[in-house]
Amino acid sequence: PETILVQELANRMAERVADVVKSLMKMGVMATMNQSIDADTAELVIEEFGHKVVRVSDADVEQVIDMIEDAPESLRSRPPIITIMGHVDHGKTSLLDAIRKTSVVSGEAGGITQHIGAYQVTTDTGAVLSFLDTPGHAAFTSMRARGANVTDIVVLVVSAEDAVMPQTIEAINHAKAAKVPMIVAINKIDRPDANPQKVRTDLLQHEVVVEAMSGDVQDVEVSALTGQGLDQLLEAIALQAEILELKANPDRSAMGAVIEAKLDVGRGPVATVLVQNGTLRKGDIFVVGEQWGKVRALINDKGERVDEAGPSVPVEVLGLNGTPEAGDVLNVVDTEAQAREIADYRLQASKDKRAAAGAATTLEQLMAKA
Ligand code: GTP
Ligand code: MG
């Protein structure tokens, strides 16, 4: 059965651990802060404290607890997080580059040097958009599998020359599985043999009905080369974001997802984290997957040191004790002791899981031999 440490449950709810222990006692469950309880009991406790539980799946109680809802009045709008997907060579990178060049922020910065795999763009109309540099379809899926559903909108890039190709279909399936709305960018419209209508009819076969075909998926003809249609694409994204009414609570302790992580020779373990809720600050103590740390420095997408990062803001985080994995969830906690405890607990849990998996294989092998 899936379990959670009492201490961690308290952290996730931002309640005192003593109160959680007391509440458990009332239910007849005797557990200390270092003991774990099952998902159903955890759910009862969460409700007891007046938090709402959204059960994603029975499988992962930690995921369930990450979904504790903020009070409606604490929520503020946040920028959308956009992932660009599509078939190889259809122009994903070119489109991203073109967007950054037309955007106010990168224009002001004077360069388009990309420091981290995610960045923010401010459009001419003042909308702030967070882009994830195309993580590849496999990475998208594995992040989802690890519980980090970070994307709000998928921009599907389809070349007007080639129309729908195998990886286009893959991307459609990923977006559908993640229930993320799509915007179709029909790229390379500048090419003499461009046939945007073929893209639209091809998409019909995959149950993507674009607006030009009387459907509800926005489609925009663009050229990363000439810049044609880029403003319309950004408008389409901003419109879709408005419909989604994306909100977060900037006043709670931060929760985020690791986009990528590496061991840097000079700086030690570095993780690019997309803050999903709350505000991450210098000095915050956190646990991230099986690692923990204390924020030594935060570096934004322009390579500048910042003191804090709010919802939908991507930042590089320094001060980790080890290198986490892409898709790991970061949670700020109160003390180093807590952080260490949770990280150790997770490490042990995953060791146990691996051992169990190993045992199962051995058993299977034995059966096969018998
Ligand atoms: P992968 O990352 O390899 O999957 O490719 P990608 O989808 O990022 O495509 P990329 O941006 O690298 O573009 C592939 C080729 O198409 C490059 O030679 C680009 O210059 C060209 N290209 C991209 N967009 C356009 C466009 O709008 N018009 C024209 N004419 N060429 C384009
Ligand atoms: Mg590329």
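**Strands, sheet and ligand**

Guide: Val121 stands opposite Leu129 in β6. The model is predicted: local features need pLDDT of at least 70 and side-chain atom pairs 80 or more, while totals for chains, interfaces and linings use all residues. Residues are numbered from 1 along each chain as its sequence is written, chains are lettered from A and ligands numbered from 1 in the order written, and side-chain values use heavy atoms, without hydrogens and water.

Visitor: How many bridges join β5 to strand β6?

Guide: Two strands pair if DSSP finds at least two bridges between them; strands (E, at least two residues) and helices (H or I, at least four) are DSSP runs, numbered from the N terminus. Here β5 and β6 (residues 128-132) run antiparallel, joined by 5 bridges.

Visitor: What is the order of the strands in the open sheet?

Guide: The 6 strands follow the order β5-β6-β4-β7-β8-β9, with mixed pairing. At the edges, β5 (118-122) and β9 (219-221) each pair on one side only.

Visitor: Which polar atoms lie by an oxygen atom of ligand 1?

Guide: A polar contact is a pair of N or O atoms within 3.5 Å; within protein, one must be able to donate a hydrogen and the other to accept it, and residues adjacent in sequence count only if both atoms are side-chain atoms. An N or O atom in the side chain of Lys92 is 2.8 Å from a ligand 1 oxygen, and a polar backbone atom of Ala224 is also 2.8 Å from an oxygen of ligand 1. For the side chain of Ser223, the distance is 3.4 Å.
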